[in-house]
Amino acid sequence: MSRNSSREEWAAQIAALDSAPARKEPITVGRIVGTALALVEAEGFDALTMRRVAAALGTGPASLYAHVRNKADLDDLLIGTLSREITLPAPDAAGWRSQVVDVCGQLRDQFLRYPGIARAALNAPPANLDTLRMTEGLLALFVAGGVEPRKAAWTIDAVLLYVSAYTFESSLRGSVDRSEMLARLEMLPASRFPLVTAHASSLNSGEGHERFEFALRLMLDGLG
């Protein structure tokens, strides 16, 4: 073989590198969950379907079902993944209430990052190991505070339901223009709405997540 023909063959091999089909990254549960979360973060939970996730991964829905049984199973995996991000503190008998508020605040922030995903939390059965880890951690905080186990269990159910409701409502309403709300309340006739007009500023008060923490502490303080 001549030197020239050898170079031609070498050039052909180099050219073939660009034309060779790229190897597809395998479909895994982790990739499915990550893609689903990115979709929810960008477009909201209503946009999440198995077909949309499959399209984003460059495959068909049937490929997903080999790893995730159905949409409900995917929802459960999403909530488990977000629950895994929650830092659970070592129980403090003196500060357990603040610790519970902090854990709920972490979960709130996770849900707010992915608009509407609280719907998945409301539907998810308590069988995911990551969500059960959070339940275990919360129960440890209540028990450390001397709360009777049944009261603790019922309160955990209530506070987690509140987190879901709070974040789901936020996903529906978006940010609230409190100045506009106050102006509308103050426009009401005092003769028909004497208390609402007199206390319009209180009805419209609260910065950031002040109301969220107020409601949580109200529930926790009721335990005695």
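**Close-up 1. Arg 52 and its salt-bridge partner Glu 43.** In this predicted model, Arg 52 is partly exposed, with 33% relative accessible area. Its side chain meets that of Glu 43 in a salt bridge, with an N to O distance of 2.8 Å. Glu 43 is likewise partly exposed, at 47% relative accessibility.

Close-up 2. Glu 41 belongs to helix 2 (residues 29-43) and Arg 113 to helix 6 (residues 96-113), so the pair ties together parts that are 72 residues apart in sequence.

**Close-up 3. Lys 71 and Asp 75, a pair within helix 5.** These two residues form a salt bridge whose closest N and O atoms are 3.0 Å apart. Because Lys 71 and Asp 75 are four residues apart in helix 5 (residues 71-84), about one helical turn separates them.

**Close-up 4. Phe 45 and its surroundings.** Phe 45 sits in the loop between helix 2 and helix 3 (50-56), and this residue is buried, with a relative accessible area of 6%. Which residues does Phe 45 touch, leaving aside its neighbours within four places in sequence? Its contacts are Val 40, Lys 71, Asp 75, Pro 115, Gly 116, Ile 117, Arg 119 and Ala 120. The list includes Lys 71 and Asp 75, which are the salt-bridge partners of the previous view. For a sense of scale, Phe 45 and Ser 205 are 160 residues apart in sequence and 29 Å apart in space, C-alpha to C-alpha.

**Close-up 5. The ring pair Trp 96 and Phe 142.** A search of the whole structure turns up four aromatic pairs. One of them joins Trp 96 and Phe 142 in a tilted arrangement, with 5.3 Å from centre to centre and 55° between the planes. Trp 96 is in helix 6 and Phe 142 in helix 8 (residues 129-144), so this pair ties together parts that are 46 residues apart in sequence. Both Trp 96 and Phe 142 are buried.

Close-up 6. The ring centres of Tyr 162 and Phe 212 are 5.5 Å apart and their planes lie at 20°, so the pair is stacked. Tyr 162 comes from helix 9 (residues 149-173) and Phe 212 from helix 13 (residues 210-221), so the contact ties together parts that are 50 residues apart in sequence. At 21% relative accessibility Tyr 162 is partly exposed, while Phe 212, at 0%, is buried. Ring pairs also bring in Tyr 166, linking it with Tyr 162 and Phe 212 into a cluster. What sits over the ring of Phe 212? The charged end of Arg 108 does, 4.8 Å from the ring centre.

**Close-up 7. Arg 150 over Trp 154.** In this view of a charge and a ring, Arg 150 lies over the face of Trp 154, at 4.9 Å from the ring centre.

**Close-up 8. Pro 89 in the loop between helix 5 and helix 6.** Pro 89 is found in this loop and is partly exposed, with a relative accessible area of 27%. Beyond its neighbours within four places in sequence, Pro 89 is in contact with Gln 99, Val 103 and Leu 141. Val 103 is 14 residues from Pro 89 along the chain, and their C-alpha atoms are separated by 8.3 Å.

**Close-up 9. A nonpolar patch on the surface.** Trp 10, Ile 14 and Leu 17 form this patch, and together they have about 370 Å² of accessible area. Trp 10 is located in helix 1 (residues 3-19). Trp 10 is exposed, with a relative accessible area of 55%.

Conventions:
Residues are numbered from 1 along each chain as its sequence is written. This is a predicted model: local features need pLDDT of at least 70, side-chain atom pairs count only at pLDDT 80 or more; totals for chains, interfaces and linings use all residues. Side-chain values use heavy atoms; hydrogens and water are left out. Patches are made of residues with over 30% relative accessible area and no salt bridge: like charges are joined within 9 Å, nonpolar side chains (Val, Leu, Ile, Met, Phe, Trp, Tyr) within 5 Å. Accessible areas come from the Shrake-Rupley method with a 1.4 Å probe; for residues, only the protein chains shown count as cover. A salt bridge is a side-chain nitrogen of Lys or Arg within 4 Å of a carboxyl oxygen of Asp or Glu. Helices (H or I, at least four residues) and strands (E, at least two) are DSSP runs, numbered from the N terminus. Buried means under 20% relative accessible area, exposed over 50%, partly exposed in between (1.4 Å probe, protein chains only). Rings of Phe, Tyr and Trp (its six-membered ring) pair if their centres lie within 6.5 Å; planes under 30 degrees apart count as stacked, over 60 as edge-to-face and the rest as tilted. A charge sits over a ring if NZ of Lys or CZ of Arg is within 6 Å of the ring centre and within 35 degrees of the ring normal. Contact means heavy atoms within 4.5 Å.
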